[in-house]
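Subject: Structure for you to look at

Hello,

Here is the structure I promised. Please open it and keep it beside this note as you read.

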Amino acid sequence: MKKNIILMGPPGAGKGTLAKKLVAKYGFAHISTGDMFREAMKEGTELGLLAKSYIDHGDLVPDEVTIGIVRERLSKNDLDKGFLLDGFPRTIPQAEALEIIAKEVSRPIDSVINLDCDEKELIRRISGRRVCKSCGAPYHVDTMRPKVEGVCDVCGGPLMQRADDNEEALKVRLDHYVKSTKPLLDFYRDRKLLSSFNSLVDSNVLLDEISKFLEK
Ligand code: AP5
């Protein structure tokens, strides 16, 4: 069973949606740098204020800050069932730092899962996304609607639109993905860790495909 996993893909490819399903099924620790930043923003900490100044415009938070929070998270002792890195690494320096950290904590990366999705669908998904204000569960106004309009199925919290889910910020996020994150596909292909999956399928179908792959 592969258990220390990196989940990659452009904004809106479905990383968070898939991660929540894999975490529920296998008990992996979900390490989402985006969620960690949003939590800090909600609490109004120094990290949150700094992150907000980048995230709201679609820019990447500086490497040294992001690497620092992941280093701290990977040093915790709740990772024996494995971990799912969602949204990290996103740059070559982050990937290089992760190789060092993974060695330091003796938890080598088993697999890098890349979700492929075309740009038209990414825009459709992001512009219609709603998230739970309390637990962050993702929904879509057309294709993943909650049972009760505006209310989270998981925790009953209110649904909202993320501040960076607007046309302008999305354009910047997609640019950063192409320039800074896409080169990581070759980085991990060279290390024979990369597997790509088409995310233009129902999220439960995708979960089944990836589960089979992880259990192989
Ligand atoms: P982050 O939170 O990581 O955002 P992202 O990578 O832009 O990804 P998203 O959360 O937008 O999309 P997703 O792929 O998780 O899709 P989802 O499952 O929600 O990062 C946010 C920001 O934080 C960054 O822009 C950056 O500023 C900063 N940051 C984070 N990490 C960083 C790092 N390492 N370095 C520097 N800065 C960093 O799905 C999207 C929609 O599609 C939903 O509505 C969902 O319901 C729907 N959907 C999902 N799957 C399917 C499916 N199979 N079929 C149909 N619809 C689907």
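Predicted model: local features only at pLDDT ≥ 70, side-chain atom pairs only at ≥ 80, totals over all residues.

A residue counts as near a molecule if one of its heavy atoms lies within 4 Å of it.

**The ligand**

There are 35 residues around the ligand. Among them, Thr17, Asp59, Arg90, Arg129 and Arg173 come nearest. By class, the shell has 13 nonpolar, twelve polar and ten charged residues.

Next is threonine 33, where a polar side-chain atom lies 2.7 Å from a ligand nitrogen. Valine 201 uses its backbone instead of a side chain: a polar backbone atom there is 2.7 Å from a nitrogen atom of the ligand.

Now the elements. Those that give two or more residues to the shell are α1, α2 (33-43), α6 (119-127) and β6. The largest share comes from α2, with four residues.

Why does the ligand lie between two domains? Domain 1 (4-118 + 170-211) and domain 2 (129-164) both give residues to its shell, so the ligand lies between them.

**The second largest pocket**

This pocket holds about 230 Å³ of space. Two elements give two or more residues to its lining: α1 (15-26) and β6 (138-140). The largest share is three residues, and it comes from α1.

The lining residues include Thr17, Lys20 and Lys21. Tyr139, Met144, Arg145 and Asp153 are also among them. Sorted by class, the lining has five nonpolar, one polar and four charged residues.

Domain 1 and domain 2 both give residues to this lining, so the pocket lies between them.

**Two spots in the backbone**

First, find proline 89 in the loop between β3 (83-86) and α5 (92-104). The peptide bond from phenylalanine 88 to proline 89 is cis, with omega near 0°.

Then go to serine 106, in the loop between α5 and β4 (111-116). Serine 106 is not a glycine, yet its phi is positive, at about 55°.

Best wishes

Terms used
Residues numbered from 1 in each chain as written. Heavy atoms only, no water. 1 Å grid on protein atoms, 1.4 Å probe; cavity = no way out; pocket = protein on both sides within 12 Å on 5 of 7 lines; lining within 4 Å. Points joined across faces, edges and corners; volume = space filled by probe spheres on them. Nonpolar A, V, L, I, M, F, W, Y, C, P; charged D, E, K, R; others polar. Domains from an automatic or database assignment. Polar contact = N/O pair within 3.5 Å; in protein donor to acceptor, adjacent residues only side chain to side chain.
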